[in-house]
Amino acid sequence: MYVEQSCESPLLENTKEEITKTIESYKAMSGVIEASVYLRDYQSNTWMNVNENMLYEPGSLFKVPILIAYLKMKEENPTILNTEIKFETPFSIDKNVAFKSKTIELGKKYTIRELLKYMIVYSDNNATALLNNNLKPEILNKLFSDLNLEVPDVKSSHYYFTPRQYSLFMRCLYNASYLTHEDSEFAASLLSKSEFNKGIVRGLPKNTKLIHKFGESGNQVEKQLHESAIIYIKEKPYLLTVMTKGKDNETLSNLIGDISSIVYNNLK
């Protein structure tokens with residue numbers, strides 16, 4: 001599923017140079033601390049990295065492996081998505097969320113299918129916490145192991161990815177080999193409805209088809225904002241993952257949008 005050329009492609013050199021210059025410009029003028037990019041062009045089977053060794057906390061990007069893990073659980077229990085769970089106790093979620101949307105309501109019952117929608121489409125942390133309480137950790141651990149990634153420590157409050165590492169989860173869904181075709185399509189349908197439109201979507205023409213997930217983390221001193229997407233232009237798909245650190249989320253989202261625009265204009 002993950003075979004690719006061993007070296008970056010010269011076909012993407014101009015794109016890489018343009019992205020690098022844009023990042024450096026933001027760092028010089030706009031309070032961006034760092035940014036990294038992984039791009040994979042599926043049509044030519046080429047790829048490139050910018051600042052490839054920088055590590056980032058994924059924030060809500062981690063919701064995609066949780067989604068994949070639940071769909072693997074469905075292979076063992078085909079009716080699991082219809083299982084109802086009641087949201088009875090508020091969760092103590094120590095996160096400063098800048099991009100808020102819908103959330104599940106205390107005292108109501110939700111099917112796992114509905115909770116997955118809240119988690120992916122609206123990036124709801126309450127739905128995610130409820131799902132985590134009912135997730136088989138061995139399924140999630142096997143996913144990371146199968147992708148040759150460090151297995152997450154459930155006791156640790158931090159976990160880190162490079163953009164290229166994180167992109168493996170999106171490649172799982174694109175290849176439709178780790179999950180069944182039906183489940184891969186279900187996951188993609190949820191990701192296609194993601195409400196976040198301040199990053200990669202900003203750099204694309206209106207109504208461009210894509211599946212994507214964003215994540216935010218960091219603290220009051222350093223913000224982190226990331227997004228990973230598979231974009232379809234004229235039946236030519238490509239995968240773009242951008243991870244950023246800086247002083248404010250608005251600047252970081254603008255940078256992600258500008259990088260998205262560069263890639264689109266070079267690959268269209």
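This is a predicted model: local features need pLDDT of at least 70, side-chain atom pairs count only at pLDDT 80 or more; totals for chains, interfaces and linings use all residues.
View 1. Local features require pLDDT of at least 70 and side-chain atom pairs pLDDT 80 or more, while totals for chains, interfaces and linings use all residues. Numbering starts from 1 along each chain as its sequence is written, and side-chain values use heavy atoms, with hydrogens and water left out.

**View 2. Helix α6 (residues 163–175) bends at F169.** Helices are DSSP runs of H or I with at least four residues, and strands are E runs of at least two, numbered from the N terminus. The 13 residues of α6 reach 18 Å from first to last C-alpha, close to the expected 18 Å (1.5 Å times one less than the number of residues). The bend at F169 is about 30°, taken between axes fitted to the seven residues ending there and the seven starting there. Buried residues (under 20% relative accessible area, 1.4 Å probe, protein chains only) of α6 include P163, Y166, F169 and C172.

**View 3. Five strands form an open sheet with antiparallel pairing.** The order is β2-β1-β7-β6-β5, where pairing requires at least two DSSP bridges. Because β2 (46–50) and β5 (209–218) each have a single partner strand, one side of each lacks a neighbour in the sheet. Neighbouring strands are turned by 10° against each other on average, direction ignored (axes are lines fitted to C-alpha atoms).

**View 4. Strand β1 (residues 32–41) runs antiparallel to β2.** The two strands are joined by 5 bridges, and R40 stands opposite W47 in β2.

**View 5. Helix α8 (residues 249–267) lies across β1, β5, β6 and β7.** Contact means heavy atoms within 4.5 Å. The helix runs at about 155° to β7 (236–246), on a scale from 0 to 180 degrees between N-to-C directions, with helix axes fitted over the stretch in contact.

Terms used:
Buried means under 20% relative accessible area, exposed over 50%, partly exposed in between (1.4 Å probe, protein chains only).
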